Amino acid sequence: MAKVILVGCGNVGMAFAYALATSTSSVRELVLIDTNHAKAEGDALDLGHAAVYNSSPIKVRAGGYSECDNADIICICAGANQLPGQTRADLVNTNYKIMHSIVSNVAKTKFRGIYVVATNPVDVMTFFVQKLSGFAHKRVVGSGTTLDTARLRFLVGEELGIHPRGVHAYVLGEHGDTAFIPWSLAYVGISKIDMYLNDDKRARILWDVRNSAYDIINKKGSTYYGIGICLRDLVVAILEDQKVIRTVSCYDKQSDTYFGMPAVLSKGGATLTKCLEFNQQERDALAKSIDAIKKIIYTVDATIHR
Ligand code: NAD
């Protein structure tokens, strides 16, 4: 039975904690860390009190970084959030400093597990958590385009009146404005998706996927339930050595970047799958996305990293 540390008990962190606490049997302890320790304590009490009605054996408590010594996973959800009108890239300098402080604290412990990062811009933050920690690349995993992929499968499912699980389609690249859908590799059941969706419908779905977060932020301030469930899925897949494929933010040696690609999740972390046959348009879209991520990384390098 595993021990999970959550750093950052805001909306995203607590949506993840709630999802984990109510629906897994593989986690024994969940420790909440936040610069606002009173909030972490309050959340731990609030979530922990329901143990009597919970089938999960999880024990929730607030703690400090010494708890990381024997932890299996540290899930990072700490950081500034997009305000209406802001892009994820606008958060980069503030959140880089937060990653720096978290990883420096963890480095003082004996933590040898896996980092799962959700803080935005998530591909860039995952890149820096790996760099700052010096961990093997596969042991630092970002939530990548898992949420975007969930949104895509939901939207196609709604359009066609089928369950999202019957939609085999993925969003790849940056978790941001250059995220793209390789439609040539997208299926509904065993049929190519273009049998069901014409160019106009595909263009509208891509627009909806890219703009979902902006739409939700305009309506209610921030997004958290969807990513909370995605994070629960990733963390449990790693802990249970499930070897499922998810579009996490994974390291690509050729570009020396992290971005959303299908990867196998196991106890060792995330391993990129290698069998994608993109068409030229998709190769261009991926190159554009990698370029966008690298530009944000260089911004940090130039201002504070060096
Ligand atoms: P929030 O403001 O509700 O919570 C952030 C929390 O982080 C606060 O409780 C704050 O006290 C804490 N914190 C700040 N600095 C800290 C530090 N150094 N150590 C420990 N805790 C610290 O924000 P939120 O809505 O929970 O969003 C958190 C992050 O998740 C944002 O960067 C947001 O953009 C991102 N996010 C990612 C996805 C995704 O798909 N990856 C989806 C939604 C949001």
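This is a predicted model: local features need pLDDT of at least 70, side-chain atom pairs count only at pLDDT 80 or more; totals for chains, interfaces and linings use all residues.
1. Helix α2 comprises the twelve residues 37-48. At 1.5 Å a residue, α2 should span 16 Å, and the separation of its end C-alpha atoms is 16 Å, so expectation and model agree.

2. The burial pattern of α2 is one-sided. Ala40, Asp43, Ala44 and Leu47 are the buried residues of α2. Viewed down the helix axis, these buried residues lie within an arc of 100°, and they therefore line one face of α2. Ala38, Leu45 and Asp46 are exposed on the other side of the helix. As to partners, the buried residues of α2 pack against helix α1 (11-23) and against the strands β2 (27-33) and β3 (59-62).

3. Helix α1 also packs with α7, at an angle of about 50° and with 7 Å between the axes. That angle makes α1 oblique to α7. The crossing of α1 past α7 is right-handed. On the α1 side, the residues that meet α7 are Val12, Ala15, Phe16, Ala19, Leu20 and Ser23. Their counterparts in α7 are Tyr225, Ile227, Gly228, Ile229, Leu231, Arg232, Val235 and Val236.

4. Trp183 is found in the loop between β7 (167-168) and β8 (187-188). Is this residue buried or exposed? Its relative accessibility is 16%, so Trp183 counts as buried, the cut-off being under 20%. Leaving aside residues up to four places away in sequence, Trp183 touches Leu152, Ile193, Leu197, Arg202, Ile205 and Glu282. The C-alpha atoms of Trp183 and Arg283 are separated by 12 Å, although the two residues are 100 residues apart along the chain.

5. Most residues other than glycine have a negative phi, and most peptide bonds are trans. The peptide bond from Asn120 to Pro121 is cis, with omega near -10°. Pro121 is located in the loop between β5 (114-117) and α4 (122-133).

6. Positive phi values are found at two aspartates. Asp241, which is not a glycine, has a phi of about 55°. This residue is in the loop between α7 (225-239) and β10 (244-252). With 30% relative accessibility, Asp241 counts as partly exposed. Asp256 has a phi near 50°, again positive in a residue other than glycine. Asp256 is found in the loop between β10 and β11 (257-266). Its relative accessible area is 37%, and Asp256 is therefore partly exposed.

Definitions and conventions:
Residues are numbered from 1 along each chain as its sequence is written. Side-chain values use heavy atoms; hydrogens and water are left out. Helices (H or I, at least four residues) and strands (E, at least two) are DSSP runs, numbered from the N terminus. The expected span of a helix is 1.5 Å times one less than its number of residues. Buried means under 20% relative accessible area, exposed over 50%, partly exposed in between (1.4 Å probe, protein chains only). The arc is that of the directions from the helix axis to the C-beta atoms. Contact means heavy atoms within 4.5 Å. Axes are lines fitted to C-alpha atoms, for helices over the stretch in contact, and angles run from 0 to 180 degrees between N-to-C directions. Angles under 35 degrees count as roughly parallel, over 145 as roughly antiparallel, 65 to 115 as roughly perpendicular and the rest as oblique. A crossing is left-handed if the near helix is turned anticlockwise from the far one by less than a right angle, and right-handed if clockwise.
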